[in-house]
Amino acid sequence: MSGEPIRKVIIVGGGTAGWMAAAGLSKVLGGFPGLSFTLVESEAIGTVGVGEATIPQIQAFNAMLELDEAEFVRETRATYKLGIEFVDWLRKGHSYVHPFGTYGVDMLGIEFHHFWLRGHDLGDDTKLDAYSIAAMAGKAGKYMPPDRSNPNSPLSKLGYAFQFDAGRYARYLRARAEQQGVERVEGRVVEVCQDGASGLVTGVRLENGEVVEGELFIDCSGFRSLLLGQTLGVGFTDWSKWLPCDRAVAIPCELGGEKVPLTRSTARPAGWQWRIPLQHRIGNGHVYSSAHMDDTMAEELLLANLDGKPLAEPNRLRFAAGHRQRAWEKNVVALGLAGGFLEPLESTAIHLVQAGIARLLTFWPTTAFGRKEIDRFNRESEQDYIDIRDFLVLHYKASERDDSEFWRYCRALDPPEGLAEKLEMFESSGRVIRDHNELFTETSWLSVMAGQGIKPGGYHPAALLLDDAETRRRLIHIRDVVASAVSQMPTQDDFLSRSGGAIDRQERLRA
Ligand code: FAD
């Protein structure tokens, strides 16, 4: 490989993306001789201040950082998340859970859901939720970690993630990063300096005139995309036609309502509302299409649907669905909002930061900045966005709602190619296909396709190998096993107390 090892990495931005990058990269590469990490951020500009629900992959990031889970949960005021409950998405009054983990058990070498579909033919119309420990435990307010010691136990299949306070998460990671030697520089970047010949970024000039120089720059400057978008002029691929929501209003409120380890997404006339219950408060937000609802109405709708007293002023955000055409250009790599954004319907943004960090480590450059590695990085990053986009569009496209202009628009959408194929396959034969190693598994695709009322055109012929009585018996047995496992689980509150993750009453009141 040509070029010299990189010695100076500058991270611009100290939101979730910046501090995840600082903590992750310094943990893995911190011991490299002569390599230093500097993070520049401006308290005056601040962060987006949202981003509180995650997916199970975050466990790998935490493990990489060697975080103590109870400490992490306490420090970030986290709760556990077993999935997302979608309310009113198919039609008003309907709900389903997109759970982490799997449904039932595969039998005779084929996926469980084919037997579930066969059960429908036999008159057993039990919903998928009943076959998922995560869905049933989530609805019952129960939680315990998966029992990996016993692979035959249904509890070994439980998947989980966290819901946490975004500000506390960034501060927690900052402390780890600084312990690992990351230097923090406070200041507003007013100019990005480039080499006249190569166009490579050489430094960032701060308001006080200081220039912070480096060799590799990680753009974590948020929606501004200061280095990648504004300085290097990398364009934006806009997917608004498929995902028309372009605004959000967010507000925390006091605890109230159900205490369940689930994120809730409730469909609204021009978008949807999130509810993320933490230990000390609930995070709420309304994501909507400004072409279909004005800001005042969106805010009123949010405030009218809180489970407790508001704890802050509403935080208004604007965005467009899409991503930068190249996440890596010259010596700048964008992570987080600087690289793109897809609405938080499936809580994927923090995961995209994590995936970007892992990918950057895989293709870690030298000062030669090899074209092959950069191209590959960009291709894989774009694919991540495409995969998630398709999954999000499914939620809108497959609704039966026609009670507003917004929902009529969504239902009439031409699905992107990858989604169209998945829909056709499910509608043709009940098969759920997963491309390459895409983020969302067959369980996820199945839960949302079935939850959103897509009608499967059949099931795997091998599901007929069990006779009618045996099929019915096994389906009932699996539901019983799930129900019995859930009945033995502690409530989430009990588990938090037992595991040392709970904050005390004083801390709750201070929050
Ligand atoms: P920011 O938080 O905006 O941070 C940008 C940083 O750059 C700040 O430190 C700022 O000070 C600094 N900066 C900018 N300009 C300058 C300058 N000139 N000089 C110096 N510093 C500068 N993700 C999830 O995974 N789950 C969710 O549930 C979720 N919900 C979301 C809801 C909404 C409405 C939105 C908009 C996002 C949500 N996200 C969610 C995404 C998540 O919030 C972001 O991916 C994550 O916070 C990363 O943001 P960031 O660090 O890229 O940007």
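Author: Gladly! Rolling a probe the size of a water molecule over the atoms shows where empty space is left. A cavity is a set of points, on a 1 Å grid over the protein atoms alone, where a 1.4 Å probe fits but cannot get out; lining residues have an atom within 4 Å of a point. Grid points are joined across faces, edges and corners, and a volume is the space filled by probe spheres set on the points. This is a predicted model, where local features need pLDDT of at least 70, side-chain atom pairs count only at pLDDT 80 or more, and totals for chains, interfaces and linings use all residues. Residues are numbered from 1 along each chain as its sequence is written, and side-chain values use heavy atoms, without hydrogens and water.

Reader: How many cavities of 30 Å³ or more does the search find?

Author: The whole structure holds 2 of them. Of its 19 lining residues, A334, G336, L352, V353 and Y385 are the closest to its centre.

Reader: Which element supplies the largest share of that lining?

Author: Helices (H or I, at least four residues) and strands (E, at least two) are DSSP runs, numbered from the N terminus. Here α9 leads with 6 residues; β21 (340-341), α9 (349-362) and α10 (371-397) each supply at least two.

Reader: And what lines the second largest cavity?

Author: That cavity, of about 50 Å³, has a lining that includes H323, R324, N378, E382 and Y385. There α10 gives the most, with 4 residues.

Technical notes: 1 Å grid on protein atoms, 1.4 Å probe; cavity = no way out; pocket = protein on both sides within 12 Å on 5 of 7 lines; lining within 4 Å.
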